[in-house]
Amino acid sequence: MADFKELIAGALEQALDSKLKKDEISALLEVPPTPGMGDYAFPCFKLAEILKKKPNKIAFELAEKIFLPDGIAEINPNGPYLNFFVAKDLVAQDTINEIIKQGDVFGKRDFGKGQKIMVEYSGPNSNKPLHLGHLRNNCIGMAISNIFAASGMKVIKANIVNDRGIHICKSMLAYKLFGNKATPESTKEKPDHFVGDYYIMYNKMVEEKPELEKQAYEMLQKWENGDKETKKLWKQMTEWAVQGFKETYEEFGSKFDTWFFESQYYNKAKAILKLGEEKGVFKRNENGALVAELESQGLPDKTVLRTDGTSIYITNDLALTEYKFKHFKLNESIWIVGNEQDLYFRQLFKIFTLLGFKWAKNCIHLSHGMVNLPSGRLKSREGKVVDADDIIKELEDLAAKEIKKRDKKIGEKELAARSRAIGLAAIKFHMLKVAVQKDIMFNPKESISFEGETGPYIQYSYARAKSILTKAGKIKLKKFGFERLIGSEEQKLLKLLANYPEAVKKSLEQLSPHIICQSLIEIAEAFNTFYHKHKVLKAGSEEIKMERLALVQATVQVLKNGLELLDIEAIEKM
RNA sequence: GGGCCCGUAGCCUAGUGGAUAGGGCAUCUGCCUUCUAAGCAGAGGGUCGCCGGUUCGAAUCCGGCCGGGCCCGCCA
């Protein structure tokens, strides 16, 4: 694709007798607020400092002096800005040809080739089902994985199940006391919900019988000591929970290449703990617990091993992270975890640095905001959550209702597939369109709609465009000059399409999937405007029809590529 | 008390130094015998939390304050 920025920067460098270098100029170039002002603008404020002249005057003089490169149609000084108009037919030609030539890889690059990264996300606790917060986490995890992969990196998606600790013992205790050997099969319950119900039961019971808490801790002690009966119950309940998670992941589309279980790593930290003691990073405190001294690093100290020698959560991460880097030969590892754990990760990474691991600097915590309900914070202890399975079902049902309104004769199977695609698109886009660090308020009644800036809107635009191509039949794209796509609607759409790879690049650099969402919204809006203004199949001439079809085809391609990165299905019928 | 994050119309949100703060929801007005109206065109709605500073120029950078969230466990 012709790099107009490059062209302009080159011409400006020449006109400025290299007073500014090409890449400095390129960095200064911006896009004017309205298309009528031009395609690119060079602000002259920096030059005003260097040349000690008024920026308006500089812009004016530059316009006289500059040599117009091929592809630039017009140059126009506008106050302190020098505005450039690129040749419209060239924009169309370049953009469309490039998109159609690259097809599914348009927007992808290969600068990450040979690099390997692990994306750890989801991280459920084995005592209860997934909730709304996990859904946001899963959306970010999948999108970030896809965005990394689009840079050519090898991505390993990992899940860690927190299957060890007091929380699962609480579910176990309630089951032991009141379960009567029931099973998910016997009660016909989804197995993770089955386990979660006992957790809620425990928390209700413990208010009346505080001694249950002591019993739960005794159970944990038994578990730690390898008590056979306790382990057996634990194994059964963990299996139920994980089986349930897998069903939810399957339905939601979350994929994992590898699974870690805390119970398998928490006691493998001996070597790293010893190393830390030798290096003086970990010290015994007065009670005999092992503590990472971080005060001198501006962080609170962190206990890494209890007085009684048992592990806490970080003990697991210490062992597991070292294993990850060694075993998978990672270049980087990224944890997708909510911002409530910001301090925890700063401590963890600082410990790795102090221990002298050279990969310590390649650990990233992608911290995201919480999902809140109008009634306040999600509290799983009280069962006060929006359950993941419930919300998925609710949105799919809502989508099904909308589909049936429009298509009365739709078959059962087709309806199920389409409503799933649309329902999930609504959830995923809603979770991804907001900057990751922000908290989200989730109002089940109002938060998710199918209109406006939503997943279904993008899908709808795609389906509309695709339907034109289908109706057009087999088209043979001849070599066009595309001098018929110079109207403002076409040009706006073309520019947004051309800008899509930049959006993908930015979303990687800033670890921000919402930049891709924004790009797709703008493309869909521009396409719909174009759609209403111009008939494609009933165009005035065969030439116009073919050129417009090419534009539609390019739009279809970009929307499809973008939705794929967001893990949203592009569907041909709505 | 300390640390981190957030504050942009009734609600949600984009925008980290540049031109008139960009969208969406909701409200109001038009547009389906015309390639899918989950759409399009248009209207109204803003002290960019407040105060000060830096700058030719601040929603954006710095300082202070106010409001909200999270964290500061030998919990995860």
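Visitor: Which residues come nearest to RNA strand B?
Guide: This is a predicted model, where local features need pLDDT of at least 70 and side-chain atom pairs count only at pLDDT 80 or more, while totals for chains, interfaces and linings use all residues. Residues are numbered from 1 along each chain as its sequence is written, while chains are lettered from A and ligands numbered from 1 in the order in which they are written. A residue is near a strand if its C-beta atom, placed from the backbone, lies within 6 Å of it. Around RNA strand B there are 70 residues, and those that come nearest are A41, F45, N287, G452 and A463.

Visitor: Which element gives the most to the surface near RNA strand B?
Guide: Helices (H or I, at least four residues) and strands (E, at least two) are DSSP runs, numbered from the N terminus. At least two residues each come from β1 (40-43), β3 (81-86), α15 (342-355), α16 (388-406), α18 (455-472) and α20 (514-533). With eight residues, the element that gives the most is α18.

Visitor: How do α7 and α9 lie, roughly parallel or roughly perpendicular to each other?
Guide: Helix α7 (166-178) and helix α9 (191-208) pack with their axes, lines fitted to C-alpha atoms over the stretch in contact, 7 Å apart and at an angle of about 85 degrees. Angles run from 0 to 180 degrees between N-to-C directions; under 35 counts as roughly parallel, over 145 as roughly antiparallel, 65 to 115 as roughly perpendicular and the rest as oblique. The two helices, α7 and α9, are therefore roughly perpendicular.

Visitor: K52 has a positive phi; is K52 buried or exposed?
Guide: Phi of K52 is near 55 degrees, and K52 lies in the loop between α3 (45-51) and α4 (55-65). Buried needs 20 or more other C-beta atoms, placed from the backbone, within 10 Å of the residue's own, exposed 12 or fewer, and partly exposed is in between. Because K52 has 7 other C-beta atoms within 10 Å, K52 is exposed.

Visitor: And S122, is that residue buried or exposed?
Guide: S122 also has a positive phi, near 80 degrees, and sits in the loop between β4 (116-120) and α6 (132-149). Because S122 has 24 C-beta neighbours inside 10 Å, S122 counts as buried.
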